[in-house]
Amino acid sequence: MLAAQAKRRCEKPVAPDEPFVLIVASSGGPRISALNQAAEDLGLTVSEPLADARAKVGFLQVRAAEPAADDNALQKLALWATHYAPAASPWSEDNGADGFFLDVEGASHLFGGEEKLIADLAARLLKNFGFPAQIAVADTAGAAWALSRFHSSPLFVLPPGQETAALAPLPIAALRLAPDTRATLRRLGFKTVGALLDKPRAPFAARFPNKLLRRLDQALGRIDEPLKPVIAPPVYHALRYLIEPIFTQQAIVAYARRLMGTLTHVLTRDDVGARRLRLCLYNVDGAVESIDIALTLPTRSADHVARLIDLKLEALAAANEAGFGFETIGLAITQAEPMPARQTEFTPASEDDDRTERYAVLIDALRQRLGPQSVRCFEPVESHIPERAEILPPLNGEASAWPAMEQPRPLLLLPRAEPAKVTALVPDGPPRRFYWRGETHEITGAEGPERIAGEWWRQMPLPARPRESGDPDLDSRFRGDERKNVLTRDYYLVEDRCGHRFWLYREGIYGRETAQANWFVHGLFA
Amino acid sequence: MLQKTTFLCRDHRAVVIDELRRLLPRIEGTHKSLPFGLATLDSHLPEGGLTCGALHEVVPETEASAAAAFGFIAAILGRLLKPRLLVCVTPAYGRRPYGRLHGHGLTALGLDPTRLILVETADRKETLWAIKEALHSSVPAAVIGAIDKLDLRTSQRLQLASSDTGLPLFLLRPAPTLESSAAATRWHIGTAEAARDRFGLIVRPRWHLHLERCRNGRPGQWVVEYDHVAHRFSFPAAVAHPSHARSASEAPLRKTRCA
């Protein structure tokens, strides 16, 4: 385990060598939440009131703390650190929210040992981000956290099995406790972790039911501490450190293809294919670009994956900034699914299999380039209201049977019913002539009406209705408002003299729901 | 087989021709076509129907005939024997003046909506890319696209992509299309008064088809009706129904334009 405490104290200093503090509002005026080295040297401390600090120090640079921005920066930092090892977990509020855990198990040999890894990490944190880091490696997250904060040297590797000895001399605060627990312990005379170690547990469990013993056990490795990674750790992962930074799309695609090629062997061995992939591009200046790719069918084909990455990069080209170039490129398979091996040598692949595969390739390509929402299929919905009778969900590969409609339905449905001026012989009769989109259509034949009532079960709760005013006009208007959602529609299929066939409806039952006939055009028939 | 044919050649010329007819479709397996099933109409087309590996332009005569143009394409594709997938590339919501395809309307026209994959694009470049991608994958049975402008070179490229894979490509163009293109056929689709039963209810839609251009074929004009149950095109009955006598006399088979 490794914990890096990156001090984000000098984020936007006006003059980095002068005292500089961040403040938060609290009861009794603003207090210091973070400070730089110069301020620390002058004797200022965290949670000191700003007024006192100003009294002590003549010149003080003050900015308001931005916890949300800090959190964001920490997430980015943890994401950047994933190029050392895939599981990085930024510290939550209990942990101080000023560093991250990095699970380096199985990754340290790539750098020639844990000492070299943390030395490299510290150097890059200083160079890329300007953070002087305190880093400690230990077997448990709790011990690493304590040592990174309270050990005298900024870089420290604890040999396995020595947590108890290493933690004993550290102050109680090294156990990540709430301030009130800390204060109580101090009042009781417990100054160091060692003082707690050989005491009977039962009284502590009774006195501090919440966190004390759990924190102690976590630090000593007696119970497990789950970490919440910044991105889901991949199932399979391939990473390549580049000697020269790369800039161009072709180079990225070529390296991605090579990485997928190395993963293919592992995938074949495990009889699985990739369903979700993530390509991470680590910029020289510390930013991380990640590209997520979802596939319709599991695949092991490096060509297919490379092509999808190419399409995605093309779509992102405008927004993508290579900056100083990418120094590390990582390809992770975040979701794998079983993919049975297929005999291709002696018997040719059947046409159906082949087509399913090509279908998946086509859908993947369209989705990558045009966005996942732009490839859709039809799905029927149990509803009489025409605009609700179907939805267009993103293609999911499930086909549902379509109900046969007794009544005529238009081939083209307008996104929103458009008002039309209609002449009818009687207000509740079929239309004779209508004016729509700048043209008058003489109707030669009308079929209908097909009466479609509103879905009362969907009706919104009624607003409080004002008292009867006695004015019939006003009252009818309120009645109309009330029933807006449930107005019945009478649909007519009409044909004009040129043979154009339209779908018109009259809103509201004349005389019962509405006083005037409002007509709308809702669709066009073939 | 050759020997047998040669042998037969001596005696029965008619038998040989029959034999050749039986064999020919297998030899030129790639040159399939989509026949209308109407001898008069199919005889105008070079291969007895719409060529499969070719670009076909469909232009609605008026803006309100867009539904008829879509219906014409849906009718042709509904007649395909093997119900395979279709890819329909249209501009995204808000950029289509005449709404969107309605699943229940497609069912009513005899085309199963589950066969259709809708692809929505943001601009013309994306539309062309998606059409080409769908053609090259040779997964769908046909590709339908809606595009406003198309220059000659782009149309040549689409025509090539279509003939390479042997898939028909139907391009829906807006009404005033005058640019020349490499399409195999260009159809103007207008509406005509529908066929009605004796109660005056619409039973079959009727369209006015104007084959304006046809490579290796002859242009022509017809009024056809489509039966969605039998998936069959037919010519309207010679005598119009009495209930339509008035309008039939007013507009006999002419290109009708709305006032």
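Of the 259 residues in chain B, 53% come out as buried (under 20% relative accessible area, with exposed meaning over 50% and partly exposed in between, for a 1.4 Å probe and protein chains only). The model is predicted, so local features need pLDDT of at least 70 and side-chain atom pairs count only at pLDDT 80 or more, while totals for chains, interfaces and linings use all residues. Residues are numbered from 1 along each chain as its sequence is written, chains are lettered from A and ligands numbered from 1 in the order in which they are written, and side-chain values use heavy atoms, leaving out hydrogens and water.

Chain B has eight helices and twelve strands (DSSP runs numbered from the N terminus, with H or I and at least four residues for helices, E and at least two for strands). Among its contacts with a separation of 6 or more, 68% link residues 24 or more positions apart (contact means heavy atoms within 4.5 Å).

Next, the cores. The largest nonpolar core holds 63 residues, and W187(B) and W207(B) touch the most other members (such a core is a set of buried Ala, Val, Leu, Ile, Met, Phe, Trp, Tyr and Cys residues joined through side-chain atoms within 4.5 Å). Helix α4 (residues 66–78) of chain B supplies the largest share of this core, eleven residues. A second, separate core has 61 residues, including L263(A), L267(A), L295(A) and I329(A). In soluble globular proteins, nonpolar side chains tend to be buried together. Leaving aside residues up to four places away in sequence, W187(B) touches F36(B), F72(B) and W222(B), among others. W187(B) also belongs to one aromatic cluster with F36(B), F72(B), W207(B), W222(B), Y226(B) and F233(B).

W503(A) sits in strand β20 (residues 501–507) and F525(A) in strand β21 (residues 518–525), both of chain A, so the pair ties together parts 22 residues apart in sequence. W503(A) is buried at 1% relative accessible area, and F525(A) is buried at 10%.

Now the interface. Here 61 residues of chain B contact 54 residues of chain A. The area buried between the two chains is about 5000 Å², with 63% from carbon and sulfur atoms (accessible area, 1.4 Å probe, that two parts lose on being put together, summed over both). On the chain B side, R100(B), H104(B) and W129(B) lose the most area to chain A, together 15% of what that side buries. W129(B) also has R369(A) over its face, 4.9 Å from the ring centre (a charge sits over a ring if NZ of Lys or CZ of Arg is within 6 Å of the ring centre and within 35 degrees of the ring normal).

Four salt bridges are counted between chain B and chain A (a side-chain nitrogen of Lys or Arg within 4 Å of a carboxyl oxygen of Asp or Glu). One joins R100(B) to E390(A) at 2.4 Å, N to O, running from strand β5 (residues 100–101) of chain B to strand β15 (residues 390–391) of chain A. Both R100(B) and E390(A) are buried. E495(A) forms a salt bridge with R196(B) at 3.2 Å, N to O. E495(A) lies in strand β19 (residues 489–496) of chain A and R196(B) in strand β9 (residues 185–196) of chain B, so this pair joins two chains.

Conventions:
Rings of Phe, Tyr and Trp (its six-membered ring) pair if their centres lie within 6.5 Å; planes under 30 degrees apart count as stacked, over 60 as edge-to-face and the rest as tilted.
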